[in-house]
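Hi,

Here is the structure I promised to pass on. Please open it first, then read my notes below.

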Amino acid sequence: MNDRPSVLFVCVHNAGRSQMAAGWLRHLAGDAVEVRSAGSVPGDQVNPSAVAAMAEVGIDISDQRPKVLTTDAVEASDVVITMGCGDACPVFPGKRYLDWALEDPAGKGVESVRPIRDEIEGRIRGLLAELQAPVTR
């Protein structure tokens with residue numbers, strides 16, 4: 001049995017916000033938290049501006065690929081954080097749901113993605129405190 005909390009980040013394309021959030025959580029929590037991300041309508045690739053913005057802070061998400069949201073992923077997660085996926089996100093009893101209203105980085109350059117990246121970092125640090133998970137970095 002796994003005692004680590006598990007978090008699923010969901011946005012429509014799984015190409016920007018959810019990928020940056022997953023990258024931050026992996027970076028800050030290491031193996032203390034199980035991290036997933038998915039999209040209701042996954043894109044073809046992770047947003048290059050999101051990859052570049054994360055690289056600026058030493059987090060490499062270039063190897064990530066958008067994944068389709070499945071009911072299995074939701075069932076396997078303790079916390080589901082949605083970022084604009086609306087009604088496409090399945091809801092299961094006993095799961096904790098958070099909706100983070102974040103600007104969509106789609107079509108934006110790195111300079112416009114930086115503030116989104118930084119807001120996500122703050123929210124991830126707050127989430128780690130709520131989960132009482134150690135911050136390894």
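In helix α4, eight positions to look at are Val-110, Val-113, Ile-116, Arg-117, Ile-120, Ile-124, Leu-127 and Leu-128: they are buried. These residues sit on the same side of α4, because they cover an arc of only 120° around the axis. Note that this is a predicted model. The opposite face, turned away from the buried side, carries the exposed residues Glu-111 and Ala-129.

What do the buried residues of α4 pack against? The partners are β1, α1, α2, β3 and β4 (96–99).

The length of α4 checks out. Its 22 residues should span 32 Å at 1.5 Å a residue, and the end C-alpha atoms are 30 Å apart, which agrees. After the helix comes Gln-132, with a positive phi near 55°.

Is Arg-117 buried or exposed? Its relative accessibility is 6%, so Arg-117 counts as buried; the cut-off is under 20%. Beyond its neighbours within four places in sequence, Arg-117 is in contact with Met-20, Trp-24, Ala-53, Met-54, Glu-56 and Val-57. Asp-63 is 54 residues from Arg-117 in sequence, and their C-alpha atoms are 18 Å apart.

Now α2. Buried here are Ser-49, Ala-50, Val-51, Ala-53 and Met-54. Their cover includes α1 and α4. The N-terminal end of α2 is capped by Asn-47: one of its side-chain oxygens lies 2.7 Å from the backbone nitrogen of Ser-49. Just after α2, Gly-58 has a positive phi of about 80°.

Next, the core. In soluble globular proteins, nonpolar side chains tend to be buried together. Here the largest nonpolar core has 32 residues. Which of them touch the most other members? They are Phe-9, Leu-25 and Ile-124. At least two residues of this core come from each of β1 (6–11), α1 (17–29), α2 (48–56), β3 (79–82) and α4 (110–131). There is also a second, separate core of seven residues, among them Leu-8, Val-10, Ala-38 and Leu-69.

Leaving aside neighbours within four places in sequence, its contacts include Ala-21, Ala-22, Leu-25, Val-35, Ile-81, Met-83, Trp-100 and Ile-124. Ser-18, Arg-36, Ser-37 and Ala-38 are also in contact with Phe-9.

Best wishes

How values were computed. Residues are numbered from 1 along each chain as its sequence is written. This is a predicted model: local features need pLDDT of at least 70, side-chain atom pairs count only at pLDDT 80 or more; totals for chains, interfaces and linings use all residues. Side-chain values use heavy atoms; hydrogens and water are left out. A nonpolar core is a set of buried Ala, Val, Leu, Ile, Met, Phe, Trp, Tyr and Cys residues joined through side-chain atoms within 4.5 Å. Buried means under 20% relative accessible area, exposed over 50%, partly exposed in between (1.4 Å probe, protein chains only). Helices (H or I, at least four residues) and strands (E, at least two) are DSSP runs, numbered from the N terminus. Contact means heavy atoms within 4.5 Å. The expected span of a helix is 1.5 Å times one less than its number of residues. The arc is that of the directions from the helix axis to the C-beta atoms. A polar contact is a pair of N or O atoms within 3.5 Å; within protein, one must be able to donate a hydrogen and the other to accept it, and residues adjacent in sequence count only if both atoms are side-chain atoms.
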